[in-house]
Amino acid sequence: MLNLLGAMSTAGIVFLVIFLVILAIIVVLICVFVPLKLWFKTVTSGVYISMIRLANLKQRKYDLNEITDAYISIKKAGLNLTLNELETHLLSGGSITNVVNALITANNANIDLSIDLAKAIDLAGLNAVETVKSCITPKVIVTDEISAITKDAMEIKVKANITIKPQLYKLIGGTGEDTIKAKIAEGITATIGATNNHKEVLENPENLSNKVLAKYEDKDSAYLIISLDLVDIKIGKNIGAKLKLDQIELEERISNARAEQLKTEAFLREKDLTLKAQQLNVEKLKAEAEVPKKIVKVFEQGDMSLMDYYKLQNIIADTNMRKAIAKTSGEDSDSLNA
């Protein structure tokens, strides 16, 4: 080595030093700016991503592990999704892992799912992977407890298991699960309400389910209803009996109120009669008080003598006696007749 350096000219040595310095700088820059571990990972996986591109992604502060893993997965699955498309979806706030896994799952299950639709589903806040899996294995959603009243005034309480399958090309902008639950609940309420006897619901719930599905219509639904099963069917309140009891109670309250009203009216009439009797008694006492004054005045004027006054008193006493005798005779005759 020393012999080689000795044989080289000064210019050659300077050139070699400069070359080595530049090479060292390049190596340092690569170690600083390029994630070599991920670069080797892409190379060994047969999916090449240039160092410059990795350095560029690192400068933009992306999750390099997520990007490289997603890109490797999509290429090994044989799908046509570029690194630029993954980067664009990340900039939109989406999850490239969900999109890639959804595309791979759909491809393996022979489900027609475009890249744009997968990204749109993810950006809509839906789990793209679970959505695709629901196309393979339909999903079951359960309504809250529904209460309805049959024509024979019996309350029926029921829950519904709704088996649904997503319609991928209607997921964006289509009506969701909550709307399906609400419409099914409305249909169940209406169908139970049209049932003549509550026993029909208990004995044949499948018939009720078929009627609800036959009337269900939602062209804009993002999901297709596969089946509808009624579960947890139970009888609630006997509304008819309750209404009768309420009616009886109401009539009793009205009757009691009427009796109280009559009692009050009788009490007031009694008070009024007592007051009138007291007023008449006062008038009578006033009139009796005036009699002696009138008699004295008559005597003073000479219109009646003392003898005439005694005769008048005798006539009054005789009249009162006759009335008393007549009253006694009448009571005796009534006793005999009885």
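Lys139 is partly exposed, with 35% relative accessible area (buried means under 20%, exposed over 50%, and partly exposed in between, using a 1.4 Å probe and protein chains only). This is a predicted model, in which local features need pLDDT of at least 70, side-chain atom pairs count only at pLDDT 80 or more, and totals for chains, interfaces and linings use all residues. Residues are numbered from 1 along each chain as its sequence is written, and side-chain values use heavy atoms, with hydrogens and water left out.

Lys139 pairs with Glu177 in a salt bridge, with 2.7 Å between the closest N and O atoms (the rule asks for a side-chain nitrogen of Lys or Arg within 4 Å of a carboxyl oxygen of Asp or Glu). Because Glu177 sits in helix H10 (residues 177–193) and Lys139 in strand E1 (residues 139–142), the pair ties together parts 38 residues apart in sequence. Helices (H or I, at least four residues) and strands (E, at least two) are DSSP runs, numbered from the N terminus.

Next come Lys234 and Glu145, whose side chains form a salt bridge at 3.3 Å, N to O. Lys234 belongs to strand E4 (residues 223–238) and Glu145 to the loop between E1 and strand E2 (146–149), so this pair links distant parts of the chain, 89 residues apart. Both partners are partly exposed: Lys234 at 45% and Glu145 at 41%.

## A pair within helix H13

Asp272 and Lys276 form a salt bridge at 3.5 Å, N to O. Both lie in helix H13 (residues 239–301), four residues apart, or about one turn of the helix. Asp272 is partly exposed at 35%, and Lys276 is partly exposed at 44%.

By the salt-bridge rule, the count comes to three.
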